[in-house]
Amino acid sequence: MIGMTGFAAAEETEGDVTVSVRIKSYNNRYLDLKLSLPPQLADAEGDLRRAVQGRVGRGRVELLFTVTENAPADIPVLNEDQAQAYAAVFARLRHFFPDAESPRPDALVRLPGMTGSGSGSADTSLPCRLAVRALARALTAFEAERRREGEATARFLSSRLDIIENRLSVLCSFQSRNEEKLKDLLRSRFREILGDAAECDRFYQELAASLVRFSVSEETERLSVHLTECRRLLTADGPVGKKLDFLAQEINREANTAASKALFVEMTQAVVDIKDALEDFREQLRNVE
């Protein structure tokens with residue numbers, strides 16, 4: 001079982017470039033993926049999203065990427081061709097403005113294209129490659145964290161199923177007594193109306209119909225099947241939260257039906273306990289992928 005809340009971080013460094021990523025997730029009905037990327041990683045967004053979607057099924061997942069570049073400061077280099085072009089323009093202007101002052105050097109270096117970097121062209125794809133590698137490491141730690149949470153949640157869910165199974169055994173133990181009490185109630189009502197003629201065909205017809213309507217055998221059998229499937233899903237791989245939630249709804253429906261047929265207070269109390277444990281069960285399912 002996999003939980004939906006978790007945290008992980010990782011970083012990758014190559015040369016003077018370091019890329020780090022932090023992952024946080026919360027419970028959510030569907031996969032809600034939010035990436036916070038610096039400009040250097042804009043081209044890698046598609047790959048990063050697909051990497052997460054391939055390993056996370058549900059939850060709100062937030063990823064924060066940062067890029068740190070520790071390269072030495074670039075040494076400006078004079079662009080001689082551009083300088084010659086500006087010099088030709090200045091010479092032409094002096095023909096029209098002979099009294100104009102010569103431009104200052106600090107003003108000249110600020111002209112577009114006058115200087116360039118002396119460090120050579122940078123590898124713009126490096127941050128993207130580092131981001132993909134850092135994310136792969138972070139996702140491995142992230143999955144491990146969510147599995148640990150899922151295991152703890154599975155133990156709690158199993159304890160709630162223990163309670164439900166215990167209360168189900170109470171319903172089963174009262175099943176025959178519930179039917180006998182129903183027979184007595186019907187026989188008593190028929191005697192009030194028919195007297196000594198109560199043991200007639202009509203009585204047995206009504207008894208048979210009532211036993212079909214009021215027997216809890218079908219409900220207890222279906223409850224037992226649902227609980228067995230819940231146990232199986234608790235140890236299954238992959239997302240199981242939606243399936244467990246559906247089964248919890250079915251268990252609740254069967255419990256309500258059993259309560260409507262109960263003729264003993266012990267049976268009613270057993271259903272109350274089942275619904276109470278089921279509420280805890282469904283509450284914790286919100287954290288299961």
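**Stop one: the whole chain**

Of the 289 residues in this protein, 34% count as buried (under 20% relative accessible area; over 50% is exposed and in between is partly exposed, with a 1.4 Å probe and protein chains only). What you have on screen is a predicted model, where local features need pLDDT of at least 70, side-chain atom pairs count only at pLDDT 80 or more, and totals for chains, interfaces and linings use all residues. Numbering runs from 1 along each chain as its sequence is written, and side-chain values use heavy atoms, with hydrogens and water left out.

Now put on a surface.

**Stop two: Glu12**

Select glutamate 12 in strand β1, residues 6–14. Is glutamate 12 buried or exposed? With a relative accessible area of 15%, glutamate 12 counts as buried. Leaving aside neighbours within four places in sequence, glutamate 12 is in contact with Val17, Thr18, Val19, Leu130, Arg133, Ala134 and Arg137. Draw a C-alpha to C-alpha distance to arginine 133: 6.9 Å in space, for 121 residues in sequence.

**Stop three: His226**

Next, pick histidine 226 in helix α7, residues 217–234. Histidine 226 is buried because its relative accessible area is 14%. Not counting residues up to four places away in sequence, histidine 226 touches Leu247, Glu250, Ile251 and Glu254.

**Stop four: α8 against α9**

Keep Ile251 in view, as it comes up again here. Select α8 (residues 241–261) and α9 (residues 265–285): their axes come within 10 Å and cross at roughly 165°. Axes are lines fitted to C-alpha atoms over the stretch in contact, and angles run from 0 to 180 degrees between N-to-C directions. That makes α8 roughly antiparallel to α9 (over 145 degrees).

Show side chains at the contact. On α8, the residues include Leu244, Ala248, Ile251, Ala255 and Ala259; on α9, look for Val271, Ile274, Leu278, Phe281 and Leu285, among others. How do the residues of this contact divide? There are 10 nonpolar, three polar and three charged (nonpolar: Ala, Val, Leu, Ile, Met, Phe, Trp, Tyr, Cys and Pro; charged: Asp, Glu, Lys and Arg; polar: the others, Gly among them).

Definitions and conventions:
Helices (H or I, at least four residues) and strands (E, at least two) are DSSP runs, numbered from the N terminus. Contact means heavy atoms within 4.5 Å. Angles under 35 degrees count as roughly parallel, over 145 as roughly antiparallel, 65 to 115 as roughly perpendicular and the rest as oblique.
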